[in-house]
Amino acid sequence: GKLSGDAIVRAVELVQRGEASGIVTAPIDKSALLAGGYDYPGHTEMLGALTQRRVAMMLASDQLRVVLATTHVALRDVPRTLTREAIRDAAQITHTYLRAWFGIAAPRIALCALNPHAGDGGRFGTEDDDLLTPAARDFGLLGPYPADTVFVRAMRGAFDAVIAPYHDVGMTAIKVASFGHAVNVTLGLPFPRTSPDHGTAIDIAGRGTADPSSFIAATLL
């Protein structure tokens, strides 16, 4: 864990000194990182802190792009951390970097709803009506659209990216669609950073069965 954290710090230093142009990170074990003295939930938050930039986590493939409004937090904390400001930051960063890094002149970005059926008129929660709908209007997003259809619509070409309200709803969609060749991209940094779409898989270490496809995709991107 300490070695992982030291490597990330070193990589950022190399880029900031102009000795490298970007970073491709391997997966890290979050508990080991903490045990090694680095108290960050993951790469995304650590890179944001090291560069003092507002960042957003995006998983991208040739089928789908998903950006997270909240990242590594417990499900019970999502309603508290999914604020207007969190949606605003994700929207602004996604708009900016889809134009700058992906060459999309006028990005069409959908907001995924928080509750089933986008709350169904308040029957299944009021957050979508009270928070997400005005945020989408104010920050140039489409929606909010229910989670059970928005990703399908994006894969069929209706949207260039989807902002997901919490980690698992977004990550499940992109990994079902593209596991093994999707790429984790940190938006908002002053340099490109990519990573494979999987974790450490310590359970298969040394067996010769690991698939390098996503790491290759991350390097090429």
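Which backbone oxygen lies 2.8 Å from a polar atom of the side chain of Thr-194? Before selecting anything, note that this is a predicted model, in which local features need pLDDT of at least 70 and side-chain atom pairs count only at pLDDT 80 or more, while totals for chains, interfaces and linings use all residues. Residues are numbered from 1 along each chain as its sequence is written, and side-chain values use heavy atoms, with hydrogens and water left out.

Begin with Thr-194, which lies in strand β8 (residues 193-196); strands (E, at least two residues) and helices (H or I, at least four) are DSSP runs numbered from the N terminus. The backbone oxygen that answers the opening question belongs to Ala-218. Thr-194 is buried, at a relative accessible area of 7%, where buried means under 20%, exposed over 50% and partly exposed in between (1.4 Å probe, protein chains only). Leaving aside neighbours within four places in sequence, the residues in contact with Thr-194 include Ile-23, Val-183, Ala-218 and Leu-221, contact meaning heavy atoms within 4.5 Å.

Next, select helix α8 (residues 167-178), whose 12 residues reach 16 Å from first C-alpha to last, close to the 16 Å expected at 1.5 Å a residue, the expected span being 1.5 Å times one less than the number of residues. Among its buried residues are Val-169, Met-171 and Ile-174, and what covers the buried residues of α8 includes β2 (56-60) and α7 (147-155). Just after α8, Gly-180 takes a positive phi of about 100°.

Finally, go to Glu-13 in helix α1 (residues 2-16), which counts as partly exposed at 33% relative accessibility. Glu-13 and Thr-51 are 38 residues apart in sequence and 9.8 Å apart in space, C-alpha to C-alpha.

Conventions: Polar contact = N/O pair within 3.5 Å; in protein donor to acceptor, adjacent residues only side chain to side chain.
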